[in-house]
Amino acid sequence: MASQDEQDPRISNISSAIRVIPDFPKPGIIFQDITTLLLDTKAFRDTIDLFVERYRGKDISVVAGIEARGFIFGPPIALAIGAKFVPMRKPNKLPGEVLSEEYSLEYGKDTMEMHVDAVKAGERALIIDDLVATGGTLSAAIRLLECVGVHVVECACVIELPELKGRERLGGKPLFVLLSST
């Protein structure tokens, strides 16, 4: 994997901590398994630290994490930068009143939800997930936050699969990634 910042020695450590599994979950897919990153405490800390260094002092009040792996990276980043964490969930997982956004998948559709009272107009948000592939979930999260007047500052992922052109589906929103699969 290549990175956006080959100069930072932490990137190499993070990259080597991610297990690559060919033909999972089906033939032709090369799965980027971040569970091995989570087992390596130094690589996991380095991952969080790189995001925190980027977003501290940027006046971000919301870190929105996409289910499920955005829930792993989002809360420690939110705590470190003094922001609240907002879970962006699959349908029927949140107990209160929700806002919903439907989005397209390779084969079908899905829906993302967040609590109605989770954010307020004028807040500044970072959206976090482990990986950007086609960009469908990130673009749904952007629309969901923007429909209530939240300014999405940037999207951030540990890994990007650039060949799937997910970045192009983000409506011009900046995307920061630590690693790019090549």
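Guide: Welcome! In this predicted model, local features need pLDDT of at least 70 and side-chain atom pairs count only at pLDDT 80 or more, while totals for chains, interfaces and linings use all residues. Residues are numbered from 1 along each chain as its sequence is written, and side-chain values use heavy atoms, with hydrogens and water left out.

Visitor: What makes the radius of gyration of the protein chain agree with that of a compact globule?

Guide: The radius is taken over C-alpha atoms, and the globule rule is 2.2 Å times the number of residues to the power 0.38. For 182 residues a compact globule would have a radius near 16 Å, and the chain has 16 Å, so the two agree. The C-alpha trace spans about 40 × 40 × 30 Å along its principal axes.

Visitor: Why is D23 called partly exposed?

Guide: Buried means under 20% relative accessible area, exposed over 50%, and partly exposed in between (1.4 Å probe, protein chains only). D23 has 49%, so D23 is partly exposed. D23 sits in the loop between β2 and β3, and its phi is near 60°, a positive value in a residue other than glycine. Helices (H or I, at least four residues) and strands (E, at least two) are DSSP runs, numbered from the N terminus.

Visitor: What makes K165 partly exposed?

Guide: Its relative accessible area is 49%, so K165 counts as partly exposed. K165 is in the loop between β9 and β10 and has a positive phi of about 60° although it is not a glycine.

Visitor: Which peptide bond ending at P25 is cis?

Guide: The bond from F24 to P25 is cis, with omega near 5°, and P25 lies in the loop between β2 (19-22) and β3 (30-33). The bond from E67 to A68 is also cis, with omega near 0°. Most peptide bonds are trans.

Visitor: What makes a set of residues a nonpolar core?

Guide: A nonpolar core is a set of buried Ala, Val, Leu, Ile, Met, Phe, Trp, Tyr and Cys residues joined through side-chain atoms within 4.5 Å. The largest here has 29 residues, and F51, Y55 and L178 are among those with the most contacts inside it. α3 gives the most to this core, with 6 residues. A second, separate core of 26 residues includes I66, M112, A140 and L175.

Visitor: Which residues does F51 touch?

Guide: Contact means heavy atoms within 4.5 Å. Leaving out residues up to four places away in sequence, F51 touches I77, I128, A156, C157, V158, F176 and L178.
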